[in-house]
Amino acid sequence: MSVKKVHDNQPKEFKFSDENLKKVEEILKRYPKKNKKSAVMPLLYLAQRQNNNWIPLAAMKHIANYLAMPYISVYEVATFYTMYNLSPVGKHFVQVCTTTPCLLRGADKIVKLCKENISPNENEISKKGNCSWMEVECLGACVSAPMIQINDDYYEDLDEKSTKEILTSLINDKPLKPGSYRGRKNTSPEKNLISNGEKHA
Amino acid sequence: MPKITINGKEIEFEKGMTVLQACELADVEIPRFCYHEKLSIAGNCRMCLVEMEKSPKPIASCAMPAAEGMNIKTNTTLVEKARKGVMEFLLANHPLDCPVCDQGGECDLQDQSLYYGVDKSRFVENKRYVKEKYMGPLIKTQMTRCIHCTRCVRFATEVAGVPEIGAIGRGENMEITTYLEKSMESELSANVIDLCPVGALTSKPYAFEARPWELKKTESVDVMDAVGSNIRVDTYNWEVKRILPRLNNEINEEWISDKTRYSCDGLLKQRLDVPYIKKNNKLQKSTWDEAINLLVDKIHSVQPNEIAGHIGDMINMENALSFKKFFETLKSENLEFREKNFYINSDEKMNYIFNSSIAGIEDADLILLVGTNPRHEASILNARIRKTFVQKKVPIFSIGNPGELNYKYEIIGDSTEDIKKIVNKENDFSQKLLSAKKPIIIIGESALELKSGRYIFEEFKKFLIKNNLINENWNGINILIQNASTVGLLDLKILQDKKEQSSSFFDNLKNRKFKLLYLLGSDNLEFQKNDEFIVYQGSHGDRGAEIADLILPSATYTEQNGLYENLEGRIQECKKASYPIGEALEDWKIFNQIIKKIGFKDYKVNFDELRKEVLETAPNFSGLNELPKKSVIKTNNIETSFFSEKIFVRELDYYYTNSISRSSKTMSECRQIRQKIKKDGTNN
């Protein structure tokens with residue numbers, strides 16, 4: 001991973017939609033008036049949501065002006081956090097967890113499948129133009145490793161077969177359901193569902 | 001006072017100090033990179049780790065507040081090991097390119113790795129590489145060398161007031177850059193070069209010019225503006241290689257403006273090395289004998305009152321005094337040094353200096369700017385105003401619109417009517433002014449140039465005296481002078497006591513009364529040349545030399561000793577760092593020769609005599625580098641007449657204010673970029 005680069009092709013203007021402006025007001029209420037720049041992170045996230053999952057420079061400027069911050073400070077925040085995308089991502093944005101537990105359970109195979117099915121490189125939009133993928137650090141679902149996140153949903157307990165199915169479904173624009181792919185309910189044990197108080201098998 | 005034990009020695013410290021500062025009191029050196037006295041504390045380099053009793057881990061002394069009864073040790077194996085560890089981490093990604101690095105020889109990292117580091121590296125992995133960043137024509141970047149101390153980021157945000165530098169990315173990928181790699185829009189930008197403890201930010205014009213140990217260092221003062229920043233002039237043979245700031249908390253702290261620092265390449269270009277005489281409308285090389293004979297002939301051919309002299313913006317007091325003596329022998333009184341006819345009352349010293357003093361700005365509780373743009377007229381003073389604004393949230397007001405000043409201010413009016421209302425207590429602001437304990441009023445030359453310049457100054461002064469806001473402890477009336485020579489020349493009484501005719505020089509010039517005009521280093525006087533015979537005595541082939549009929553070459557401020565008085569009335573010595581080029585001479589030597597030729601065979605004044613006389617003449621003089629003694633406060637009723645006028649703040653071509661900066665290539669580049677930004681309207 002290297003420092004995030006801003007996209008070459010930037011839209012000229014960015015403005016929050018009316019609906020999001022209401023949300024912005026709501027967010028600003030959470031912070032003391034003199035510290036309104038504390039709202040920079042939720043606002044950046046909102047901008048990312050509004051703009052097809054990535055933040056253009058115009059949005060950073062807009063937010064900087066809105067919160068009376070220097071441009072560079074917003075830019076610093078946006079480049080610091082990995083979950084802000086500074087260049088366009090696919091409509092189906094696949095984030096593959098490759099931290100230790102997932103890797104031990106075969107995340108490298110998932111990465112390989114992504115390379116084969118979506119695009120040879122990270123952060124590259126697929127040929128059909130609706131998918132992109134990237135490796136990320138722990139997404140906090142180690143109990144159902146290996147896993148991937150597609151947009152807002154977790155796809156867990158994966159193996160090569162299920163991953164391939166999921167990826168194909170994405171490319172065909174008919175995404176499969178999120179959740180465990182070994183039939184688990186949430187994170188409960190696979191067999192012998194035991195009620196509270198009793199010993200596990 | 002609370003006490004702290006450092007290496008077994010108990011010392012007293014002031015409340016609010018950090019452990020690092022307390023260690024300095026105890027004469028214990030703590031290595032550091034990110035900590036800097038004039039900047040906020042970051043605590044991110046970890047080089048200042050020390051051992052504290054009862055603490056399981058070493059502590060970062062720069063960020064730890066000192067407390068009563070602390071027991072600090074800095075000479076234990078733990079500390080030594082900690083420093084070695086930090087040093088090893090810092091060097092993990094730092095390239096070993098000292099032989100080609102401009103910081104070599106004055107590099108904090110180099111020095112500290114020698115004293116506190118390990119002798120070899122255990123790091124075998126690849127070192128990271130960071131792309132160079134564009135930061136304008138003054139700052140050369142080599143970001144692979146950066147150790148992320150963030151001094152430059154803090155300087156830009158806190159002192160310069162242009163939050164344009166930042167650290168993007170995280171962890172190993174962190175990079176220091178300006179927003180989208182634009183040049184930094186500040187008059188103090190190059191100070192980040194001094195702040196950078198490694199060779200990441202170095203000086204672009206000075207790149208690969210010299211090594212620090214090859215240079216002769218002369219401690220001097222700056223003459224680019226009237227602040228009198230303390231500088232160090234580094235020379236290699238004749239050439240002035242670079243100019244660096246010298247610490248003086250009373251004036252410039254640790255900063256100097258870009259013009260001070262980078263005009264020095266103008267000292268090498270466009271220089272006048274031999275006398276020139278205009279023959280057949282063309283300037284031709286000549287000799288001193290020929291030139292002086294011609295001048296003496298001209299002097300004899302005109303009446304004394306047809307001779308006029310104008311003294312330029314960078315003339316030291318000794319030379320000005322010898323010029324005055326020269327005009328006394330000619331029996332001419334037509335001496336002037338102002339470039340525009342602005343009102344100045346030279347009766348007493350407090351009428352033409354910055355009475356509150358630059359350091360005194362920090363005590364102020366209200367600041368009013370009248371027709372002045374301190375950012376361009378005196379950048380260092382502006383930094384002090386900003387410091388006061390940031391630290392104490394002092395309210396700042398302005399009459400007239402000065403433009404962007406790097407701090408928030410409120411424009412309360414743009415005409416002399418508003419001033420009338422204030423001094424007659426007819427508006428809300430006068431109440432604010434009266435309720436302030438230490439208000440500062442800064443009047444700029446743009447305001448004094450107006451017809452009501454006299455009204456503005458005298459009425460403000462009367463108002464402040466009447467309301468006891470000028471007293472023994474505080475004097476809030478300040479004139480912001482723009483030229484380095486002005487205050488000194490006022491002290492030497494170059495403007496003679498002809499109060500009512502003080503504009504006569506400009507009128508006579510306009511009405512073509514003068515037959516011979518002697519420009520002593522004067523390039524900024526605007527007038528229409530007619531059939532006057534113009535003598536230009538100066539160092540650069542600039543505006544003055546362009547219109548001259550006779551050119552006498554003289555030395556610049558780095559090539560001679562001399563006294564300058566800054567806008568506070570502080571007399572400081574500018575020292576000779578180099579020597580005049582070609583046949584050029586110091587001004588006073590030239591006058592000695594001319595006066596002798598005129599017929600005063602025995603006339604001879606040497607430099608020491610001139611200096612002695614200068615120091616005797618200067619009113620309220622208390623000592624070199626000291627503020628002048630306070631004036632006795634008198635209420636003399638000077639009549640004023642009111643004119644209703646708009647107050648404009650004259651825009652200053654910051655990078656092009658004098659003959660040296662106009663000859664400088666670096667300054668031209670800065671100016672072009674500034675103009676481009678203005679034209680494109682890319683504001684940040």
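Axes are lines fitted to C-alpha atoms, for helices over the stretch in contact, and angles run from 0 to 180 degrees between N-to-C directions. The views below are taken from a predicted model.

View 1. The axes of α3 (residues 57–67) and α4 (residues 71–80) of chain A come within 9 Å, with a crossing angle of roughly 125 degrees. The crossing of α3(A) past α4(A) is right-handed. On the α3(A) side the contact consists of Met60(A), Lys61(A), Ile63(A) and Ala64(A), which meet Tyr71(A), Val74(A), Tyr75(A) and Ala78(A) of α4(A). By class, the residues of this contact are seven nonpolar, no polar and one charged.

View 2. Helix α2 (residues 40–50) of chain A packs with α4(A) at an angle of about 70 degrees, and the two axes are 11 Å apart. The crossing of α2(A) past α4(A) is right-handed. Val40(A), Met41(A) and Leu44(A) of α2(A) meet Val74(A), Val77(A) and Ala78(A) of α4(A). The residues of the contact comprise six nonpolar, no polar and no charged.

**View 3. Helices α8 and α18 of chain B cross at roughly 15 degrees.** The axes of α8 (residues 317–330) and α18 (residues 587–598) of chain B come within 9 Å, and the angle makes the two helices roughly parallel. The crossing of α8(B) past α18(B) is left-handed. From α8(B), the contact takes Glu318(B), Asn319(B), Ser322(B), Phe323(B), Phe326(B) and Thr329(B); their counterparts in α18(B) are Asp587(B), Trp588(B), Phe591(B), Ile594(B), Ile595(B) and Ile598(B). Seven nonpolar, three polar and two charged residues make up this contact.

**View 4. An open sheet of seven strands in chain B has mixed pairing.** The strand order is β14-β13-β24-β23-β22-β15-β16. Strands β14 (282–285) and β16 (334–336) of chain B stand at the edges; each has a single partner strand, so one side of each is left without a neighbour in the sheet. On average, neighbouring strands of the sheet are turned by 20 degrees against each other, direction ignored. Within the sheet, β23 (residues 533–538) and β24 (residues 550–553) of chain B run parallel and are joined by four bridges. Val535(B) has Leu550(B) as its bridge partner in β24(B). Helix α7 (residues 288–301) of chain B lies across β13 (276–279), β15 (307–311), β22 (516–520), β23 and β24 of chain B, and runs at about 130 degrees to β24(B).

**View 5. Tyr179 of chain B lies in the loop between β8 (175–178) and α5 (191–195).** Tyr179(B) has 23 C-beta neighbours inside 10 Å and therefore counts as buried, the cut-off being 20 or more. Tyr179(B) and Glu164(B) are 15 residues apart in sequence, while their C-alpha atoms are 5.7 Å apart in space.

**View 6. Chains A and B touch through 12 residues from chain B and 12 residues from chain A.** On the side of chain B that touches chain A, strand β7 (residues 165–168) of chain B gives the most, with four residues. That side of chain B divides into five nonpolar, four polar and three charged residues.

Technical notes
Residues numbered from 1 in each chain as written. Chains lettered and ligands numbered in written order. Predicted model: local features only at pLDDT ≥ 70, side-chain atom pairs only at ≥ 80, totals over all residues. Contact = placed C-beta atoms within 7 Å. Nonpolar A, V, L, I, M, F, W, Y, C, P; charged D, E, K, R; others polar. Pairing = 2+ DSSP bridges. Buried ≥ 20, exposed ≤ 12 C-beta atoms within 10 Å, placed from the backbone. Left-handed = near helix turned anticlockwise from the far one by under 90°. Parallel < 35°, antiparallel > 145°, perpendicular 65-115°, else oblique.
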